[in-house]
Amino acid sequence: MKDETVGALRVERDKTYLDCTLGGGGHTGAVIALGGNVVAIDRDSDAIDYCKSHITGNVTYIKGQYENAVSLLRGAGIERIAGAMMDLGVSSKQLDDPSRGFSYRFDSPLDMRMDKNQKLTAADVVNGYGPRELADILRKYGEESFAKRIADAIVRRREKAKIETTGELGKIVCDSVPYRKSGHPAKKTFQAIRIEVNGELKGLYDAICGVFGLIEKGGRLAVISFHSLEDRIVKAAFKEFATDCVCPPSFPVCVCNHRATGKQISRIKPSDEEIKHNPRSESATLRVIEKL
């Protein structure tokens with residue numbers, strides 16, 4: 001949904017925009033093509049190196065996590081931005097690189113780290129977490145209805161030998177759950193473990209609030225989410241920005257003095273044509289809010 005996202009920002013020449021999730025650089029490149037300047041953040045050094053070799057224009061690259069966007073930008077001497085975008089979750093480049101261990105499509109080492117310098121890996125989670133903790137993660141981050149069954153199967157299997165590859169984990173899940181009409185049986189499990197390894201949801205709400213606070217009046221924040229867990233957080237943040245009073249309904253008068261700082265602009269789902277050319281976009285939701 002690159003065109004919809006960048007189009008929603010209404011890019012102006014020579015103004016500065018923040019790409020909180022650089023990835024393959026599609027959004028950054030599109031803003032540059034429209035004459036904007038970009039500050040691009042990513043925790044993955046490979047993503048930054050790749051984009052440096054492919055994108056020409058006024059781009060400032062910063063290695064870090066979007067939950068630290070405010071301090072990262074201020075460290076670069078930037079106090080205000082004209083707009084920002086966040087494309088949540090794992091990037092296509094990470095999914096398609098077998099060595100990164102994100103996908104059940106390859107038989108590769110269990111890794112799933114977005115930042116290869118961090119210590120915790122998917123192998124640590126799969127082989128080190130207890131059955132209850134594993135089930136909780138699968139249920140919470142994967143919304144997996146067979147969480148306990150899968151967790152128990154993982155524990156039984158690792159008692160015989162350490163689970164080291166994505167192929168091994170995928171087979172354990174497939175052997176543990178009933179047939180599913182749509183989607184790979186291991187999709188939810190891999191999503192849950194990936195989110196746990198990278199702490200993807202822990203700082204998301206605060207990150208959205210921090211980034212929105214940097215945007216100048218009339219600027220916009222565009223966020224793409226790929227599953228309900230992310231979208232609920234984005235939706236809640238946007239609702240707070242766009243609401244005057246946040247007092248409990250039982251209060252007879254407002255005592256919070258909260259005033260809306262944003263106006264929700266749109267909620268966009270991918271077109272049939274987009275899904276045809278990019279099947280991974282099918283679950284995407286783009287939400288856009290404007291700074292008042």
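User: In this predicted model, is Arg-287 buried or exposed?
Analyst: Arg-287 is found in strand E7, residues 285-291. The relative accessible area of Arg-287 is 8%. Buried means under 20%, so Arg-287 counts as buried.

User: Which side chain makes a polar contact with the side chain of Arg-287?
Analyst: Leaving aside neighbours within four places in sequence, the residues in contact with Arg-287 include Leu-221, Val-234, Phe-238 and Asp-231. A polar contact, at 2.7 Å, joins the side chain of Arg-287 to the side chain of Asp-231.

User: How do the axes of H7 and H8 lie: parallel, antiparallel, perpendicular or oblique?
Analyst: The axes of helix H7 (residues 131-142) and helix H8 (residues 147-160) come within 8 Å and cross at roughly 140 degrees. Angles over 145 degrees count as roughly antiparallel and 65 to 115 as roughly perpendicular. The angle here therefore makes H7, relative to H8, oblique.

User: How many residues of the contact of H7 with H8 are charged?
Analyst: Residues of H7 such as Leu-134 and Arg-139 meet residues of H8, among them Lys-148, Asp-152 and Arg-158. The residues of this contact divide into nine nonpolar and no polar, and the charged ones number four.

User: What separation do the C-alpha atoms of Val-197 and Thr-121 have?
Analyst: Val-197 has its place in helix H10, residues 187-198, and is buried, with a relative accessible area of 5%. Not counting residues up to four places away in sequence, Val-197 touches Leu-120, Thr-121 and Ala-122, among others. Val-197 and Thr-121 are 76 residues apart along the chain, and their C-alpha atoms are separated by 6.0 Å.

Notes. Residues numbered from 1 in each chain as written. Predicted model: local features only at pLDDT ≥ 70, side-chain atom pairs only at ≥ 80, totals over all residues. Heavy atoms only, no water. Axes fitted to C-alpha atoms, helices over the stretch in contact; angles between N-to-C directions. Helix = DSSP H or I, 4+ residues; strand = E, 2+ residues; numbered from the N terminus. Parallel < 35°, antiparallel > 145°, perpendicular 65-115°, else oblique. Contact = heavy atoms within 4.5 Å. Nonpolar A, V, L, I, M, F, W, Y, C, P; charged D, E, K, R; others polar. Buried < 20%, exposed > 50% of the residue type's maximum accessible area, 1.4 Å probe, protein only. Polar contact = N/O pair within 3.5 Å; in protein donor to acceptor, adjacent residues only side chain to side chain.
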